[in-house]
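Here is a friendly briefing on the disulfides, salt bridges and surface of one structure. Please have a look at the model before reading on.

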Amino acid sequence: MRTSDRPWRGAGALVAALVAGLVVAVPGTAHAAQQPNWAMSNPAKWVTTDSRQPHQEITTGDAKVGAWRDDKHHIGKSYFTFDITRFKGAQLFTANLRTPEKAANDCAKPRATRLWVVQPPKKITWAHQPWESSKIEPNPNQDCVSPAVTWNVAEPIRKALEKGRTEITFVLRIAEQFQGKVEYGRTYDPAAVLSTTFNTPPGTPTDLKIDIHNCDGTTRFVPSLTPRVKATLHDADPGSGLTGRLAFWPVDAPEQRVEVEAPFPGAGVVDTLFPEGMVKDGGTYAFAVRTEDGFANSEWSAPCQFTADVTAPSAPKISSATYQENGGSPGDGGQGLPGEFTFDANGAADVVAFTYDGIGIPSGRVEADAPGGKATITITPNTDGPLYIQVQSIDHAGLRSASSSYRYWVRTTAPRVQRPLLELGKPGEFVLNATQDGATRFVYQIDGGSEQTVPVGEDHKGRFTLTYTQPGAERHDLKVWTVTAAGARSGITTSSFTVDQVRPEVDTTPWSGVVGQKRTITVTPAMDGVVSYVYKIGDDPEQQLPAAPDGTLTFEYTPTVKGSFDVLVASVNEAGVRSGWGESAIDAETPAPVVTSNDYKNQPGGAPGQAGTFTFSSPWLPVVSYKYRFDDEPWQTTTGTQVQWAPKKPGYHYLYVRGVMDTGLESDDQSYMFQVKPAPPALASPQFPDGGPVTARPNVPIEFVVTPALPGSHEVLWYVAFNTPQVVPVGADGKARFTVTMPSSGTFYLTVSSRTPDGVVSGNLERSYPVPQQ
């Protein structure tokens, strides 16, 4: 027995070979067709039968075909059932069944395998074999064992589809004359492959549109001689090549029908224009669309009709029984009084609506009572004086006429208002004068509050009095209108009035100073009969003081904390009416102390370890002590005015000082910067004598002698360039000694300093030394 060792080249290669050169001509199409769909499927089910197991359905293992022998002689057939539902209604181009071979009993014998279509089976066993109805010849294949044994099964699948079947079953068997001979038997892979190419006919287009209108069976009016048409194409198959065909024709001359292929269909949408020159003004036309994929065409869509209208209607006429055209002062009707305006199509039979806008009215649109008819609207002017309305006719194609204007004069109906000068605690009378005919009452509203009414007198006037007894807003909004007995409203008079808050004048002396400095606050009233004052400073609670006999107030205030504070003072009269706040301010500072020193100043002075005296003073605040700290040391306190401090290193240092008052309040910080002059040691070397020849050489120790200048120095620190500092002690002779060995010639840089046992450092001495070559 021989098995296959030749690799299968893949499904894609097979499909490409099957569809190469495929051309299907479809009437009415001229564009490049879509690529056919292709599909590969395995059997929905398979069965092997065995003469030794005549009543068994064998569905595991390999597909045995023909005879084979173990301890007994067997004969078998294999059946493969495929689902062909997806090809219903489709154009099937190719269908090839591949039955991969796994082994042949004897390659010396020619392949005697046959493929038959069997009648739709119920149950398949050796004892119940379905009827074999038609034989299919294999495609040529000379290999002994081949994974590519193929059969052209397109025609039997087409016939099965014509009979309405959803499945087709094939039997793989050995030719009758060799069926019982073992040497002709073969073994197949049960995973047979059905490779197909096909096309699903496209669907009828939907979503037809003409201009901006959806096609719904009605005849639309379109204001264009080349209107835009749109439609959505449908196809179940993916890929390019789908297009649409459009038909255009005059409804009364269908013989003039023109068909064109849709240009550049994209994303399944047809979007183009009616043919140039076909459409005439007033004519009725139609179009339809079908989908084409190069293999099949859909049904034509239902026709979509329209009537072309490119002539705008004439301007409308405007009339009103309430407001006469071109009226003058004093005018008609009145502000807030409704009036009817009638628009007439003026003989334009296709007018279906009117649009309008103007001064004192909202814009809008109104439909005509009939094509070419009229429309009446009610307008309530929201202002008075000379106004106008302008109107355009709109025909059934959406075309607008030129504008017609109608000018009219609206009589003033809003009441007139006389406003008093109001002051807190004193009444003020408002006088209202009606101008609306038949007005029976005034209605007024203050600051958007509740509506109040006042009757209209025989003199057309009304009055109301306001008294404000509590301080608050100075400005108030007032709206006033009149109403007739029938409930008609006049125009609205909108105005404002002020209420004098009679704030006192407040003066603070001095307004700027330091904490603890007494301030004098003088208050002068702005209203009569003041008996007391209420004042508030910063976040302190309100306080009350009696007024002087002349109504003034003078009191003192001493700020105890730093900051800026508002001073608010209100006066109160004998009636208990309180004024608005009069305003002033207090600014209280906590100036920093003054720091001086004769020992350490901004210029370098003193020396490390040398104590200096620092003097504190507070010219502005009565301090009882001082807090201070040097650099990052902890804060300290002194009740004196001088401190001493010895710096431990040269360079810049900082002293921070703040004063403390007996209340515990602290002043601002004073920062005092000073410099400490370094006290570097002296440095000498026998190899680098002053004025003598240099005897230093590479790899030979160089001696250095350091003499500290800082009193009490017990050790010397030294390092070359950026190396780690080395420490050597100071000897009994007050000197320190060390050697340096340089590996090569060149210049090296030496830094030395000294240090005392309590950490005082002298500051650095830096020198450069050249080492000659050997």
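This is a predicted model: local features need pLDDT of at least 70, side-chain atom pairs count only at pLDDT 80 or more; totals for chains, interfaces and linings use all residues.

Residues are numbered from 1 along each chain as its sequence is written, and side-chain values use heavy atoms, leaving out hydrogens and water.

**Disulfides**

- The whole structure holds 2 disulfides, a disulfide being a pair of cysteine sulfur atoms within 2.5 Å.
- With bonded cysteines counted along the chain, the pairing pattern is 1-2, 3-4.
- Cys-107 and Cys-144 are bonded, with their sulfur atoms 1.4 Å apart.
- Cys-107 sits in the loop between E8 and strand E9 (113-118) and Cys-144 in the loop between strand E10 (132-136) and strand E11 (150-152), so this pair links parts 37 residues apart in sequence; helices (H or I, at least four residues) and strands (E, at least two) are DSSP runs, numbered from the N terminus.
- The S-S torsion of Cys-107 and Cys-144 is about -70 degrees, so this disulfide is left-handed.
- Cys-215 and Cys-304 form a disulfide with sulfur atoms 1.9 Å apart.
- Its S-S torsion is about -75 degrees, so the disulfide of Cys-215 and Cys-304 is left-handed.
- Cys-304 is buried at 3% relative accessible area, whereas Cys-215 is partly exposed at 27% (buried is under 20% relative accessible area, exposed over 50%, partly exposed in between, with a 1.4 Å probe and protein chains only).

**Salt bridges**

- A search of the whole structure gives 28 salt bridges, each a side-chain nitrogen of Lys or Arg within 4 Å of a carboxyl oxygen of Asp or Glu.
- Glu-101 and Arg-186 pair at 3.1 Å, N to O.
- Glu-101 belongs to strand E8 (residues 101-104) and Arg-186 to strand E13 (residues 186-188), so their bridge ties together parts 85 residues apart in sequence.
- Both Glu-101 and Arg-186 are buried.
- Glu-155 and Arg-158 meet at 3.2 Å, N to O, and lie 3 residues apart in helix H2 (residues 154-162), about one helical turn.
- Glu-155 is partly exposed at 41%, and Arg-158 is partly exposed at 29%.

**Surface patch**

- Tyr-652, Tyr-654 and Met-673 make a nonpolar surface patch of about 290 Å².
- Met-673 lies in strand E53 (residues 670-676) and is partly exposed at 33% relative accessibility.
- Patches consist of residues with over 30% relative accessible area and no salt bridge, joining like charges within 9 Å and nonpolar side chains (Val, Leu, Ile, Met, Phe, Trp, Tyr) within 5 Å.
- Accessible areas come from the Shrake-Rupley method with a 1.4 Å probe, and for residues only the protein chains shown count as cover.
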